[in-house]
Amino acid sequence: MKHVLETLEQRREAARLGGGQARIDAQHKRGKLTARERIELLLDHGTFEEYDMFVQQRCVDFGMDKAEKIPGDGVVTGWGTVNGRTVYVFAKDFTVYGGSLSETHAQKITKIQDMALKNRAPIIGLFDAGGARIQEGVAALGGYGEVFQRNVLASGVIPQISLIMGPCAGGDVYAPALTDFIFMVRDTSYMFVTGPDVVKTVTNETVTAEELGGASVHTTKSSIADRAYDNDVEALLQMRRLIDFLPASNRDSVPEWPSFDDSARIDASLDTLVPDNPNKPYDIKELIHKVADEGDFFEIQEAHARNIVTGFGRIEGRTVGFVANQPMVLAGVLDSDASRKAARFVRFCDAFNLPIVTFVDVPGFLPGTAQEYGGLIKHGAKLLFAYAEATVPKVTIITRKAFGGAYDVMASKHLRGDVNYAWPSAQIAVMGAKGAVEIIFRADMADAEKIAERTKEYEERFLSPFVAAERGYIDEVIMPHSTRRRIARALAMLRHKELENPWKKHDNIPL
């Protein structure tokens with residue numbers, strides 16, 4: 001028996017070495033951790049249960065039958081816990097055939113995907129690989145298809161998170177693209193369908209891997225990635241933080257953690273947050289930080305479409321999704337990018353039963369040919385659709401401007417907003433006073449005194465929250481300093497809300 005146990009331990013040690021010490025050292029020289037080191041950092045210490053450690057590739061074509069059979073076949077899979085909660089994980093091992101996907105490699109991933117879906121727990125994929133294993137041909141492509149199918153079936157059922165920690169190219173990019181969140185590591189990770197060499201051959205463009213698909217590109221321009229971090233350690237620790245905000249599945253309750261922040265806390269500084277000058281900006285993130293428990297806010301897509309802010313926080317220890325127009329960027333206007341960004345976030349919150357708190361300060365949709373030609377109508381409709389479709393508790397606070405169609409879109413009472421508040425500084429109208437007066441009283445434009453009088457009349461009549469409040473579109477005009485208390489009470493009241501949409505196979509959101 002002793003001999004058998006020694007043999008088992010030897011085989012385990014060989015599997016843990018992956019592609020060997022030389023390749024592990026090369027990985028470290030690039031500033032990257034190995035697959036197992038990453039898993040060890042991500043999960044609670046000592047909780048990782050590995051599956052399929054001894055699986056090997058079975059390809060016999062193009063000399064693969066003579067190639068070294070390395071246990072694990074380029075991916076480490078299993079489960080463990082993050083702060084005591086079950087999480088499934090797979091990590092590509094770049095030291096083994098560059099982490100390339102083979103038929104058996106894919107089978108390891110699909111097994112863990114099936115387990116995550118069956119047991120209703122989040123799954124995190126750590127990507128560091130060069131794409132499909134070319135020697136396997138269609139078998140590798142079939143493996144990708146099996147992974148993709150499971151990504152789709154799990155969508156909206158369990159949280160799926162992708163962390164790009166090295167190269168991610170070809171078919172490998174579509175698995176992350178089908179998940180809920182994608183994060184990258186600066187300078188060491190990149191994503192693209194075709195690499196720089198193919199781009200050079202086909203389009204004659206000369207571009208580096210970083211310029212084509214680095215973290216700076218995907219967090220700002222393409223919006224593929226939700227955030228980027230400076231190194232592997234920071235990225236993995238932030239994934240632990242994100243998991244704490246998310247429910248295990250769409251049937252699980254909202255995560256609840258001990259909170260030491262008084263829900264009735266009053267913050268007098270909010271009474272002076274909105275400037276007297278309606279055209280002067282202020283930072284909406286200050287409001288979010290002052291409302292959320294302990295000021296803890298996990299922002300999503302912070303570097304893209306910065307005119308809208310999305311992310312997770314807590315109220316009375318329970319996760320909420322925050323969506324807020326940002327007056328500091330483009331005056332908080334809604335454009336195509338902001339609409340898409342917020343719509344995706346709202347739909348995630350709704351899929352996983354997370355209440356949505358919306359702060360509104362929006363002067364309208366961004367005008368211009370670039371926006372119209374770029375499909376602003378359809379992209380704006382995505383956000384409208386997302387809010388209208390959502391059945392989770394929705395609490396909305398209008399801090400200042402809510403003009404035009406953007407008023408309707410931003411979780412208005414007309415889109416089944418549950419509790420809609422306004423600050424005394426709120427201005428709810430079709431448009432600003434100047435533009436409205438120029439249209440309504442066009443015949444008086446030559447008389448400056450009369451126009452000034454009409455402008456003041458319009459401001460008094462419409463640029464206040466009270467007209468909307470008179471019609472019941474605003475439930476209450478509240479003092480800014482009491483915002484946290486009012487939100488907390490509203491969410492407590494809505495905790496057992498039940499609302500169902502008409503039965504349908506699925507909707508047809510304007511993609």
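Visitor: Which residues in H5 do Glu103, Ala106, Ile109, Thr110, Gln113, Asp114 and Leu117 in H4 meet?
Guide: This is a predicted model, with local features at pLDDT of at least 70, side-chain atom pairs at 80 or more, and totals for chains, interfaces and linings over all residues. Numbering runs from 1 along each chain as its sequence is written, and side-chain values use heavy atoms, without hydrogens or water. Contact means heavy atoms within 4.5 Å. The H5 partners are Ala139, Gly143, Glu146, Val147, Arg150, Asn151, Leu153 and Ala154.

Visitor: How many residues of the contact of H4 with H5 are nonpolar?
Guide: Nonpolar covers Ala, Val, Leu, Ile, Met, Phe, Trp, Tyr, Cys and Pro; Asp, Glu, Lys and Arg are charged, and the others, including Gly, polar. Four residues are polar and four charged. The nonpolar count is seven.

Visitor: How are H4 and H5 oriented to each other?
Guide: H4 (residues 103-119) and H5 (residues 138-154) pack at about 10 degrees, axes 8 Å apart. Their crossing is left-handed. Angles under 35 degrees count as roughly parallel. H4 and H5 are therefore roughly parallel.

Visitor: At what angle do H12 and H14 pack?
Guide: H12 spans residues 336-351, and H14 residues 376-389. Their axes lie 8 Å apart. The angle is about 20 degrees.

Visitor: How many residues of the contact of H12 with H14 are charged?
Guide: Ser336, Arg340, Arg347 and Asp350 are among the H12 residues there. On H14, the residues include His379, Lys382, Phe385 and Glu389. Eight contact residues are nonpolar and four polar. The charged count is five.

Conventions
Axes fitted to C-alpha atoms, helices over the stretch in contact; angles between N-to-C directions. Helix = DSSP H or I, 4+ residues; strand = E, 2+ residues; numbered from the N terminus. Parallel < 35°, antiparallel > 145°, perpendicular 65-115°, else oblique. Left-handed = near helix turned anticlockwise from the far one by under 90°.
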